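This report describes a single protein chain for a reader who is new to structural analysis. Please keep the sequence and the model in view while reading.

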Amino acid sequence: NCGDAITIQAGADPVTVNGTSFEKVSRGLFLFNASDASFQHNRFHQAKTPVYVTSSWSDSSSLLFSHNELVDSDSDGWRCDGPAPNMEVSYNVFDGTGFFLLSKCAPYVHHNHLITNGDPVFQLHDFNSDPTNPVEIDAGQNWWGQEVTQEMEDKGPDANISVIDDFYDNFAEGRVNYEGWLTEPVPDVGP
């Protein structure tokens, strides 16, 4: 067990991390006011917080998190604190690992396997959204596993889903838009 495996701070040149394994770390990747970053084909196993993105990024910065595997996180999972524009999370396997999003962090989350062990896949906190127009997390086109997919089929696209803590649980939070959920697993996900 160790602390932060990789820390990237403000002023850093664009960063790429590809094909790395993070086992039993406190934080696998810690990004603080970083510029452009790409994380692809990595494995995060039993990390307390596999990815932690914090503070405000510039509007021109971008983050690509693609084709990774996150398994059995102990705590926050994929954590983002603060606005972070141009953030794409796609073609990953989240197995027993979810998203902990704070302060209007709204990544584009598509074409992932979002498999839960009963814990929330999305937890939204401190969004302070206007209940008539909540901040939206774009999380369509994901495979949620058989049980959650059936719940979505039964309830429809505008409902309180058991593995999503958002607007439907607290009107001051953002809303996870899962409309367009997939009924079959996504091909070519993970490392």
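The sections below treat the basis of the model, its cores, its aromatic pairs, its disulfide, a helix and a strand residue.

## Basis of the model

This is a predicted model, in which local features need pLDDT of at least 70 and side-chain atom pairs count only at pLDDT 80 or more, while totals for chains, interfaces and linings use all residues. Residues are numbered from 1 along each chain as its sequence is written, and side-chain values use heavy atoms, with hydrogens and water left out.

## Nonpolar cores

A nonpolar core is a set of buried Ala, Val, Leu, Ile, Met, Phe, Trp, Tyr and Cys residues joined through side-chain atoms within 4.5 Å. Buried means under 20% relative accessible area, exposed means over 50%, and partly exposed lies in between (1.4 Å probe, protein chains only). The largest such core has 42 residues, and Phe65, Trp78, Leu101, Phe122 and Trp144 have the most contacts inside it. Strand S4 (residues 25-32) supplies the largest share of this core, three residues. Helices (H or I, at least four residues) and strands (E, at least two) are DSSP runs, numbered from the N terminus.

A contact requires heavy atoms within 4.5 Å. With neighbours within four places in sequence left aside, the contacts of Phe65 include Leu29, Phe39, Val51, Trp78 and Phe94. A second, separate core of five residues includes Val93, Trp143, Leu182 and Val189.

## Aromatic pairs

Rings of Phe, Tyr and Trp (its six-membered ring) pair if their centres lie within 6.5 Å; planes under 30 degrees apart count as stacked, over 60 as edge-to-face and the rest as tilted. By this rule the model has eleven aromatic pairs. The ring centres of Phe94 and Phe99 are 4.7 Å apart and their planes stand at 35 degrees, so this pair is tilted. Both Phe94 and Phe99 are buried.

Phe122 and Trp144 form another tilted pair, at 6.1 Å centre to centre and 45 degrees between the planes. This pair links distant parts of the chain, 22 residues apart: Phe122 is in strand S16 (residues 122-125), and Trp144 is in the loop between strand S17 (136-138) and H1. Phe122 and Trp144 are both buried. One aromatic cluster is formed by Phe22, Phe44, Phe65, Trp78, Phe94, Phe99, Phe122 and Trp144.

## The disulfide

The structure holds one disulfide, defined as a pair of cysteine sulfur atoms within 2.5 Å. Cys80 is joined to Cys105, with an S to S distance of 2.0 Å. The torsion about their S-S bond is about 95 degrees, so the disulfide is right-handed. Cys80 lies in strand S10 (residues 78-81) and Cys105 in the loop between strand S13 (99-102) and strand S14 (108-110), 25 residues apart. Both cysteines are buried.

## Helix H1

Which residues of H1 are buried? They are Val148, Thr149, Glu151 and Met152. These residues cover an arc of only 155 degrees around the axis, which puts them on the same side of H1; the arc is that of the directions from the helix axis to the C-beta atoms. The buried residues of H1 pack against strand S18 (164-165).

The face turned away from the buried side carries the exposed residues Gln146, Glu147 and Asp154. Gln146 has a relative accessible area of 67%. Just after H1, Gly156 takes a positive phi of about 90 degrees.

## A residue in strand S7

Thr54 lies in strand S7 (residues 49-54). Thr54 counts as buried, at 11% relative accessibility. Beyond its neighbours within four places in sequence, Thr54 is in contact with Phe30, Leu31, Phe32, Asn33 and Asp81.
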